[in-house]
Amino acid sequence: MLSISGLALGGIDFEKPAGDPGLFGPDSITWRIHGDFSSMLCGGVSALLLQMLHPLALAGVWDHSSFREDMLGRLRRTSQFISATTFAPVNDANALIEKVKSIHLRVTGTDAYGTPYAASDPDLLVWVHVAEAYSFLQSHLRYRNPSLSLSDQNRYYQEFARVAESLGAVNVPASVAAVEDYLQAMRSQLRCDERTREVVRLLQNAPAPSRLAKPVGSLMISAGIELLPDWAAAQLGISFSAPKRRRIRFATRRIAAVLRWAVRNGSWHRAMRRMGRLN
């Protein structure tokens, strides 16, 4: 399953230089949350669908991305950005942020409703970031640590906002309450049209990196979709019966435990070795 992670793209040495804490450091709540590969997979799926409800975010991806032809490539590139800005040495993390900022400057156009968009727009950057942070945290609470304290949840939003601000976002919500208020305030701007539904179909039918990985990948996608807030799922026309929700959550918790055991050389492990915390 690591083949769909950002590590598959290479180009970053997470183990050198020794002692480099990166943007957050090993004692951060961001390392703890982003270090759980299983819940991050589910959260990433949920984040993508939540992001695509914003017509300007959808237009930017639709017009300037090859995701329709290369869904795995899109997931790998997004995964690399998250893992590198979390776990890579400082210089590598900042270099990738600058690279993405330069790409954003070229991502401009007009959405399906005639509204101009720019990926560098601070407000749009806030939406993309909050959709990710919220989804990663919700997945962590469901599939890794449901007892994570409110103070740690708030600290996560405070820490992770650093990346969005480095990309150009301003007034980033940085607490559980602020994020909930922001999502409610944004609902009037969100839309679901045929292109949004096409993203859902593409994601549900995304190819697996291998035949053996397909059942796990399909389950993780279902778990990510099921993780959506009820109002977002309703807007996308998605519903789950109570028994199906229970089956998805039960199976995902079982698979997540297996993946945690199997993934022993991910970004978190390499970064912890860089910090002298693992052998």
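**View 1. A charge over a ring: Arg 191 and Tyr 113.** In this predicted model, the charged end of Arg 191 sits over the ring of Tyr 113. The distance from that charged end to the ring centre is 3.9 Å.

**View 2. Trp 127 and Tyr 182 form an aromatic pair.** A search of the whole structure finds 5 aromatic pairs. One of them joins Trp 127 and Tyr 182. Their centres lie 6.3 Å apart, with 40° between the planes. Trp 127 belongs to helix 6 (residues 122–143), and Tyr 182 to helix 8 (residues 176–186). The two residues are 55 residues apart, so this pair links distant parts of the chain. Are these residues buried or exposed? Trp 127 is buried, with a relative accessible area of 0%. Tyr 182 has 15% relative accessibility and also counts as buried, because the cut-off is under 20%.

**View 3. Phe 136 pairs with Phe 160.** The ring centres are 6.5 Å apart and the planes meet at 40°, so this pair is tilted. Phe 136 lies in helix 6, while Phe 160 lies in helix 7 (residues 150–167). The pair therefore ties together parts that are 24 residues apart in sequence. Phe 136 is buried at 5% relative accessibility. Phe 160 is buried too, at 2%.

**View 4. Thr 85, a buried residue in helix 4.** Thr 85 is found in helix 4 (residues 71–87). Its relative accessible area is 0%, so Thr 85 is buried. Where does its side chain reach? The Thr 85 side chain reaches the backbone oxygen of Phe 81 at 2.6 Å. It also reaches the backbone oxygen of Ile 82, at 3.3 Å. Leaving aside residues up to four places away in sequence, Thr 85 touches Leu 23, Phe 24, Ala 93, Ile 97 and Val 163.

**View 5. Helix 10 and the helices it packs against.** Helix 10 (residues 214–226) has 13 residues. From first C-alpha to last, helix 10 reaches 18 Å, close to the 18 Å expected at 1.5 Å a residue. Its buried residues include Val 216, Leu 219, Met 220, Ile 221 and Ile 225. Gly 217, Gly 224 and Glu 226 are also among them. What do the buried residues of helix 10 pack against? They pack against helix 2 (37–51), helix 6, helix 9 (194–204) and helix 12 (242–262).

Methods:
Residues are numbered from 1 along each chain as its sequence is written. This is a predicted model: local features need pLDDT of at least 70, side-chain atom pairs count only at pLDDT 80 or more; totals for chains, interfaces and linings use all residues. Side-chain values use heavy atoms; hydrogens and water are left out. Rings of Phe, Tyr and Trp (its six-membered ring) pair if their centres lie within 6.5 Å; planes under 30 degrees apart count as stacked, over 60 as edge-to-face and the rest as tilted. Helices (H or I, at least four residues) and strands (E, at least two) are DSSP runs, numbered from the N terminus. Buried means under 20% relative accessible area, exposed over 50%, partly exposed in between (1.4 Å probe, protein chains only). A charge sits over a ring if NZ of Lys or CZ of Arg is within 6 Å of the ring centre and within 35 degrees of the ring normal. The expected span of a helix is 1.5 Å times one less than its number of residues. Contact means heavy atoms within 4.5 Å. A polar contact is a pair of N or O atoms within 3.5 Å; within protein, one must be able to donate a hydrogen and the other to accept it, and residues adjacent in sequence count only if both atoms are side-chain atoms.
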